[in-house]
Amino acid sequence: MSGYFGMLRTDGETIQGGLLQRVAEVLCSRGSTREAIWSQGGVGTCFTYVDAEVVRRSVPQPVWLGSNWIVGDIRLDARPELLRQLAMHGERLSYDTPSEELLLRDWHVWGSACLPRVLGDFSFALYDSKEQSLYCARDFIGARPLFYAHFRRNLCFSNSLAALRTVVEISGELDETFLADFLLSGYSADPARSVFAKIHRLPAGHVLKFSERSGEVEVRPFLRLPVEEPLRFSQPGEYVEAYIEVLRQAVQDRLPQTPTALYLSGGLDSGSVCAVAAGLAAQRQQADKLKAFTVSWRPLFEDPEPHFARLTAHHLHLHHEILEDPDFRPFAVREKAQRAAPEPSMDPFFSRTQRLYRRIAEHSNVILSGDGGDDVLTGAAWPYFRKLWLAGELAEMARTFGSLVRTQAHFVAAQGTLPPLHTGIRSKLHRWFNPSSRQESYPDWIDPEFAKRNHMHEKWQAASQDSRLPEHPVHPKAFAALHDGFWSNVLEDEDAGCTQSALETRAPLLDLRVLRFLLRLPPVPWSANKELTRRAMRNDLPDEVRNRPKTPMIRDPLEACLESGRWLPAQFEFLPPAVHSYIDWQKWFATFQDVRGF
């Protein structure tokens, strides 16, 4: 894990060492233990890092290859294939070559055209002396953030929003469009915006080019997932074997040799990641380096997840800790040692979340998560049946329907209840016969003048009438979610710049190899009730967990706090005056009255 910052000036000014030292102090809030500062005229970088997994990582940075250099937070996957391709061009490197050097050499051979082929989690800035340009890039899923500010032919960049805020030349003016989107939906509809008008976010899967000659910035996408034909194997077991192999590769590339934490809920996604990680660690004779963590909402309400997580941990022989924190004060004032979230957060228990992150970081600086498992593996059957019908594949359609019936029958036998069919028919009928259910009411607690300036009523109505045609014929919702910035928003909330803990989240289920495989997966029967995962984990998870239906959180923690009477929305110790420019406080408070039965 690392924090980095850089500035490239073309206005003739030099970079003062005092600025880089101030930035280093901010970056150390990520939990970093060392720092490296470099400057030369109008160019300067600052790099901080934790000694968590020094193998395959260059420290300090920037790293040089000739007159090109790179600084960033980089972890590369699929090394054998990358090394083979480089060897074909005379670049013979070892398997343990640091990721930064690998990327520099890959760039040396192919330039920016290498980006669509590079697998891993990365966010970096690379100076190309031949083009006299600085390139910034962020991986397709957006596991690592990247922010930048362009002013007076100069460019600042960092994976920390707080670091850019130390530059006095960058205005702290808030972006009203970002705030309007946040109040309506919880995130910005434009993935290039940040909460500050003059600081931009590089969208996931994009590359920025800053020309030293012109001082101009150009941003473009470098990758979209391909739409490929569904897989057709002759035997059902072949789908399971292929999935296990690609998942194993994803976990293996992310599993360090050092102590590692594992998120473990009571479900299938995190359980499958834990199962594969436990198997790999046992092969390495490093099983004692793994520890699973389960977040519990007890005693706020009776949370069933720890019970199922405990079953999985016992089955896999994992060290296991259930994380409980009795302080459930929503919107609690942060502790003195903590900074506020760098941007508005949807988490009302942000302070509690930070405390739990710190407890996990005491064991490890790396944690594997089950993020991403719901995207494709809960896909709907209807688009696939439609594709088969339009292609005239009636025999395949009949065979597929029979497979679906058998899968549902197995679920009923195991659960004693009917499963969700995921055909999409039920939700369509509900919308047709209940027009009033098509959208919730517009939040009337938003300040009218602020709403008018930012056309919020129009945005609300447009969002409820979104009729975009699907780009993917089989998994349209999953494909859209993987391209609209949803996962980069989720992962940024888990980044050290937000949690302020020396903890790096890695998500094997969001590996591009896994995603491409799942997007080719026939949704029937494999996406019905996560049939693929259930079969793949037949020998690795206890039956009580493996056959458990997908279960959302049984209570909304905020509602539970209100109903308990231990907290009132009016009990804020400090309310920034600027809040009244965006919301009507009394009306917002009134939204809680129905919950508490006032």
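Phe210 stands opposite Val217 in S12. In this predicted model, local features need pLDDT of at least 70, side-chain atom pairs count only at pLDDT 80 or more, and totals for chains, interfaces and linings use all residues. Residues are numbered from 1 along each chain as its sequence is written, and side-chain values use heavy atoms, with hydrogens and water left out.

S11 and S12 are antiparallel and share five bridges; two strands count as paired if DSSP finds at least two bridges between them. Strands (E, at least two residues) and helices (H or I, at least four) are DSSP runs, numbered from the N terminus. The two strands form a hairpin with five residues between them, and Gly215 in the turn has a positive phi of about 75 degrees. Five of the six residues of strand S11 (residues 206–211) are buried, so S11 is largely enclosed by the rest of the structure. Buried denotes under 20% relative accessible area, exposed over 50%, and partly exposed in between (1.4 Å probe, protein chains only).

## The six-stranded sheet

S11 and S12 belong to an open sheet of six strands, in the order S4-S5-S6-S7-S11-S12, with antiparallel pairing. Its edge strands are S4 (63–65) and S12 (217–221), each of which pairs on one side only. From one strand to the next the twist averages 20 degrees.

Within the sheet, six bridges connect strand S6 (residues 120–128) with strand S7 (residues 133–138) in the antiparallel sense, and Ala125 stands opposite Cys136 in S7. Helix H3 (residues 99–110) packs on the sheet, touching S4, strand S5 (68–76), S6 and S7, and its direction makes about 120 degrees with that of S5. Contact here means heavy atoms within 4.5 Å, while axes are lines fitted to C-alpha atoms, for helices over the stretch in contact, and angles run from 0 to 180 degrees between N-to-C directions. S7 is also joined to S11 by five bridges, in an antiparallel arrangement; there, Leu134 stands opposite Phe210.

Strand S1 (residues 2–9) runs antiparallel to S3 and is joined to S3 by seven bridges, with Gly44 as the bridge partner of Met7. Strand S2 (residues 34–40) likewise pairs with S3 in the antiparallel sense over seven bridges, and Arg34 stands opposite Tyr49. S2 and S3 form a hairpin with two residues between them; Gly41 in the turn has a positive phi of about 65 degrees.

## Nonpolar cores

The largest nonpolar core has 78 residues, and those with the most contacts inside it are Phe124, Tyr243, Leu318, Leu518 and Leu532. Such a core is a set of buried Ala, Val, Leu, Ile, Met, Phe, Trp, Tyr and Cys residues joined through side-chain atoms within 4.5 Å. Its largest share, nine residues, comes from helix H7 (residues 268–283). Apart from it lies another core, of 36 residues, including Ile15, Val23, Phe178 and Trp445.

## Helices H6 and H7

The axes of helix H6 (residues 236–254) and H7 come within 10 Å and cross at roughly 65 degrees. Leu247, Arg248, Val251 and Gln252 in H6 meet Val273, Val276, Ala277, Leu280 and Gln283 in H7.
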